[in-house]
Amino acid sequence: VASCVLEFCISPLRGWRFQISSVCGFFIYLGFTNFFIKRFITRLKPLYTAAFVLFGFLCFQGPMRIFFFTGTLISFPDFLAHLLGILAGYWFYKRHTAFYKAMLTISTLSVLFLGFYGYDLWIYNLNYGTFDGNVHMKGPQTIVLKNKDNHKFNLQKGKYTVMDFWFIGCGACLNEFPEFQKVYSQYKNNSQIQFYSVNVPGGRDQGEDPFNYLLQFGYNFPMVVSADSTLPGQLQISGYPTIFILDQNGDVIYKGDAKGLPKVLSGL
């Protein structure tokens with residue numbers, strides 16, 4: 001019961017940042033488990049006490065993780081850090097043994113890595129299916145787009161193509177446009193690279209013109225609309241915004257966010 005209450009008390013930290021919840025939760029659970037091991041040392045073996053703490057934690061977290069597995073993947077590193085905290089509490093009690101001392105060190109360093117760097121990699125992989133944006137994926141044979149005059153055209157091959165997929169009503173898309181504009185301004189005179197902001201029509205558009213929507217913010221990168229409803233599926237887009245770089249043959253060599261574009265484009 002105590003570990004259930006503790007998990008409930010720690011959970012608000014996730015609303016701040018998952019990284020903070022992960023690191024703080026690890027050390028809280030470490031101290032919590034170690035305290036109860038010492039508290040009940042005359043009644044229970046340390047391993048049994050740690051097991052009871054773990055059981056209470058899993059009673060609180062387990063059902064949600066099982067029945068809403070996909071929806072809880074975003075917080076899985078946080079869950080793992082708290083679980084490691086319970087194990088680390090036991091290892092801390094047994095730290096005079098070289099093996100447990102090594103396990104305690106490894107778990108602590110792993111959670112610190114997770115808090116300062118690893119969680120961002122996890123989210124990036126959830127969003128784009130890659131940890132660094134570099135992919136090697138066969139692109140669609142043809143990509144049909146529409147310009148401002150509602151004329152359809154096929155995407156030209158023979159150049160590197162940077163495509164930013166978005167939809168109206170996507171706050172994250174709006175926040176990423178300034179970075180996309182910055183990269184476009186840097187490479188717009190490069191004849192080997194073409195840029196497109198690709199609107200994906202959807203229910204949130206409510207008939208609003210995507211071209212006027214972008215122009216009101218002062219952006220001048222090329223704007224088009226996807227004319228093929230199957231295109232997001234062909235490119236395996238799971239969330240927006242998603243940015244792609246296609247090579248001269250139309251194959252995908254980058255899938256990620258705008259922040260990763262400069263590194264890739266500078267190497268072309």
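Modeller: Before we start, two strands pair here if DSSP finds at least two bridges between them, and strands (E, at least two residues) and helices (H or I, at least four) are DSSP runs numbered from the N terminus. This is a predicted model, in which local features need pLDDT of at least 70, side-chain atom pairs count only at pLDDT 80 or more, and totals for chains, interfaces and linings use all residues. Residues are numbered from 1 along each chain as its sequence is written, and side-chain values use heavy atoms, with hydrogens and water left out.

Colleague: OK, what stands opposite Val252 in β8?

Modeller: That is Met137; strand β1 (residues 134–137) pairs with β8 in the antiparallel sense, over two bridges.

Colleague: And how many bridges join β7 to β8?

Modeller: Four bridges join strand β7 (residues 242–246) to β8, and the two run antiparallel, with Phe244 opposite Lys255 in β8. β7 and β8 form a hairpin with five residues between them, and Gly250 in the turn has a positive phi of about 90°.

Colleague: Is β8 largely enclosed or exposed?

Modeller: Five of the five residues of strand β8 (residues 252–256) are buried (under 20% relative accessible area, with exposed over 50% and partly exposed in between, using a 1.4 Å probe and protein chains only), so β8 is largely enclosed by the rest of the structure.

Colleague: Switching to helices, at what angle do α4 and α5 cross?

Modeller: The axes of α4 (residues 46–67) and α5 (residues 76–93) cross at roughly 175° and come within 9 Å. That makes α4 roughly antiparallel to α5, a label for angles over 145 degrees.

Conventions: Axes are lines fitted to C-alpha atoms, for helices over the stretch in contact, and angles run from 0 to 180 degrees between N-to-C directions. Angles under 35 degrees count as roughly parallel, over 145 as roughly antiparallel, 65 to 115 as roughly perpendicular and the rest as oblique.
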